[in-house]
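Have a look at the structure first, and then we'll start from a single side chain.

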Amino acid sequence: MKKVKKGILVLFAVVIVFLLYRWIFSSDNERDFVLEEEYGSFSPYDVESYDGKYVAKQKVERLGDVRYIRVYVYEKETGELAGDFWVERAWDFWGICWENDSYNIWTQSADVGIYCYRYEDGEWRRDSINMERPEYIVSRWEAKEAAKE
């Protein structure tokens with residue numbers, strides 16, 4: 001009987017610690033701080049398009065021995081997969097953001113920089129030629145530099 005009581009007590013303590021951990025580390029204030037101070041316009045979390053039609057989710061997946069980021073874009077209303085694309089290695093990746101007036105998605109990585117995945121003909125394709133980043137999309141480096149001023 002004493003073993004059962006101890007087991008229940010230990011289980012209860014583990015649940016309490018888990019709940020406190022989740023509450024502390026998933027608060028909205030903490031997420032806002034990380035997004036503004038560490039990533040510029042980019043986010044490591046799920047991000048909605050400007051009109052709420054799509055939501056882009058970033059997942060770490062293995063390709064051989066290396067972990068990469070793969071972005072899955074879903075129609076928000078139906079949950080249907082609208083498209084997906086591989087981005088960069090997960091180790092150096094800092095997130096994505098949508099343009100304010102289109103379905104183009106920008107990505108930010110420490111080693112390769114910032115790239116646009118243009119939305120054309122129902123697909124997102126990396127555009128390494130015609131990239132002209134809108135002024136309102138701020139990189140991590142620009143955000144850190146502005147914070148020093």
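Which residues does Trp94 touch, not counting residues up to four places away in sequence? The contacts are Tyr39, Phe42, Ser43, Pro44, Gln108, Ser109, Ala110, Arg140 and Trp141, where contact means heavy atoms within 4.5 Å.

Before going further, some ground rules. This is a predicted model, where local features need pLDDT of at least 70 and side-chain atom pairs count only at pLDDT 80 or more, while totals for chains, interfaces and linings use all residues. Residues are numbered from 1 along each chain as its sequence is written, and side-chain values use heavy atoms, with hydrogens and water left out.

**Confidence**

pLDDT is the predictor's confidence in each residue, from 0 to 100. Its mean over the protein is 82, with 74% of the residues at 70 or more. Helices (H or I, at least four residues) and strands (E, at least two) are DSSP runs, numbered from the N terminus. Over residues 26-36 pLDDT stays under 50, and the model has nine contacts beyond four places in sequence for that stretch.

Trp94 is buried, at a relative accessible area of 16%; buried means under 20%, exposed over 50%, and partly exposed in between (1.4 Å probe, protein chains only). Gly40 is 54 residues from Trp94 in sequence, yet the C-alpha to C-alpha distance is 9.6 Å.

Ser139 belongs to the loop between strand S8 (123-127) and helix H3 (140-148). Its relative accessible area is 2%, so Ser139 is buried. Leaving out residues up to four places away in sequence, Ser139 touches Tyr39, Gly40, Phe42, Gln108, Ile114 and Arg133.

**The open sheet**

S5, S6, S7 and S8 form an open sheet in that order, with antiparallel pairing; two strands pair if DSSP finds at least two bridges between them. S5 (93-98) and S8 are at the edges with a single partner strand each, so one side of each has no neighbour in the sheet. From one strand to the next, the twist averages 25°. Five bridges connect S5 to S6 (residues 105-109), and Cys97 stands opposite Trp106 in S6.

H3 lies across S5, S6 and S7 (113-120), at about 70° to S6. For that angle, axes are lines fitted to C-alpha atoms, for helices over the stretch in contact, and angles run from 0 to 180 degrees between N-to-C directions.

**Two cores**

A nonpolar core here is a set of buried Ala, Val, Leu, Ile, Met, Phe, Trp, Tyr and Cys residues joined through side-chain atoms within 4.5 Å. The largest has 16 residues, of which Val71, Val73, Phe85, Trp98, Ile105 and Trp124 touch the most other members. Strands S2 (54-63), S3, S4 (81-89), S5 and S7 each supply at least two residues of this core. Apart from it lies another core of eight residues, including Tyr39, Cys97, Trp106 and Ile114.

As for Trp98, its contacts beyond four places in sequence include Val47, Tyr54, Val73, Ile105, Trp124 and Ile137.

**Salt bridges**

The whole structure has 10 salt bridges, each being a side-chain nitrogen of Lys or Arg within 4 Å of a carboxyl oxygen of Asp or Glu. Here are some of them:

| Pair | N to O distance |
|---|---|
| Lys57 and Asp46 | 3.2 Å |
| Arg70 and Glu61 | 3.4 Å |
| Asp92 and Arg89 | 2.2 Å |

Lys57 is partly exposed at 27% relative accessibility, and Asp46 is also partly exposed, at 45%. Glu61, partly exposed at 21%, joins Arg70 and Asp84 in a network of salt bridges.

Most residues other than glycine have a negative phi. Asp121 lies in the loop between S7 and S8 and is exposed, with a relative accessible area of 73%.
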